[in-house]
Amino acid sequence: MPASPSTARAINDRLALRLLQQQGPLTAGQLKQLTGLSRPTVADLVERLQSAGLITVVGEAGADRRGPNARLYGILADRAHLAALDVRTDGLTVVVADLLGTVLAEASVPIGGDTGTGPAVEQAVALVERTAKEAGAERLHSIGVGAPGLIDPATGELRDSSGLPAWHRRLAGALQERLAAGVLVENETNLAALAEQRDGAAADRDTFVLLWLGHGVGAAVVLDGALRRGASGGTGEIGFLPVPGTSELPSATACDGGFHSLAGAAAIAELAVQHGLLTPLALNELPAAALVRQAAAAAGGAGHAERAFLDALADRLAIGAASVTAVLDPGCVVLGGEVGHAGGEALASRVADRLASMSPLRTEVRASALGGAAVLRGALLTAREAAQDELFPGRG
């Protein structure tokens, strides 16, 4: 059945907006060439999108061209402002951006473990408000929040998880109440996978697993282009995976004894000490990541201790990677988080070698391109998608 005129217009508008978002400002002639639409149809959609306040004239195509055909049209970036939050157990970071995803302001605040729930929530919300003001945003349209823990797939809310601060669960409601913005909460590792798929190490993969290596460990599963969350939102809770090489088994309330005991930041730092490595003085970097970065840099030279440390770490990581590969056969494992990014190719190649000896399934191992910044990037992408779903005609 052919589309109705209104549906066809919405589809054309959506296509034009996507092109302007991906390629930047375009002339009407370039839109005609890229969309395959007729000149009158392109003229109509340009007029509609201008009237809706979604695009505007941002310049001309060249000094040798003048007139209507040379006008460059671009998305009106300040049509909506967005925020992205990376929530950790000891604080949070927030960025505020425009509709194109350009970051306008960024800030962080530490929140101590002895801070009460109410004061912690107030600190977090106040930081978002100050950052939005600094960015010149009168209001925020959408806020993406990346947090550790399980997200209830039915409600989209952060579930009560042992060991995580209570203010995490209160934050989304407080943001909605104070800022009147749409708030979307997602597991931090899932957001990192979204960012790596869109802009990072998995940009050419529809199926892959991201192995998050930061303060803790986790995994995100992307199959056939779709993020998989599981029946209870717990897909990727690999820290609880029972593995050899630990002194106990994990429990329902603690991942001690699971893969976390081999690959968490504290375990990596302890492994480095066993190999005689000292933590370098690295400001604003996770100590375990600094150790791995130092070892990776020295592993190609005379650094015998560094090579031995990376070899031992790769042995541990391959256990988790092999378990995931045996069940999912993803074809690609991305070593994400601060540690995966710091290890680079030196660590990824070692894990790949060990994985090849443990599994008959061919699996590429890649280092993260974004590291810890992937969580904020994924949260911002989520907020932008939500804003565009509402603002762009014909989406969804």
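## Sheet β10-β9-β8-β11-β12

An open sheet of 5 strands runs in the order β10-β9-β8-β11-β12, with mixed pairing. Strands pair here if DSSP finds at least two bridges between them. Helices (H or I, at least four residues) and strands (E, at least two) are DSSP runs, numbered from the N terminus. β10 (226-228) and β12 (364-367) are the edges; each has a single partner strand, so one side of each lacks a neighbour in the sheet. From one strand to the next, the twist averages 25°.

Strands β8 (residues 208-213) and β11 (residues 332-336) run parallel, joined by 4 bridges. Trp212 has Gly336 of β11 as its bridge partner. Helix α6 packs on this sheet and touches β8, β9 (217-223) and β10; its direction makes about 125° with that of β8. Contact means heavy atoms within 4.5 Å. Helix α10 (residues 304-328) lies across β8, β9 and β11, at about 155° to β8.

## Model and conventions

This is a predicted model: local features need pLDDT of at least 70, side-chain atom pairs count only at pLDDT 80 or more, and totals for chains, interfaces and linings use all residues. Residues are numbered from 1 along each chain as its sequence is written, and side-chain values use heavy atoms, with hydrogens and water left out.

## Sheet β5-β4-β3-β6-β7

Another open sheet has 5 strands in the order β5-β4-β3-β6-β7, and its pairing is mixed. β5 (103-110) and β7 (182-187) are its edge strands, each pairing on one side only. Neighbouring strands are turned by 15° against each other on average, direction ignored.

β4 (residues 91-98) pairs with β5 in the antiparallel sense over 7 bridges. Gly91 has Pro110 of β5 as its bridge partner. Helix α5 packs on the sheet, touching β3 (81-88), β4, β6 (142-147) and β7; its direction makes about 165° with that of β3. Helix α6 (residues 188-199) lies across β3, β6 and β7, at about 95° to β7.

## Helix pair α4 and α5

Helices α4 (residues 117-134) and α5 (residues 167-179) pack at about 45°, their axes 9 Å apart. Axes are lines fitted to C-alpha atoms, for helices over the stretch in contact; angles run from 0 to 180 degrees between N-to-C directions. The two helices are therefore oblique to each other (under 35 degrees is roughly parallel, over 145 roughly antiparallel, 65 to 115 roughly perpendicular, the rest oblique). The crossing of α4 and α5 is right-handed: the near helix is turned clockwise from the far one by less than a right angle.

Contact residues include Thr117, Ala120 and Val121 of α4, and Trp167, Arg170 and Leu171 of α5.
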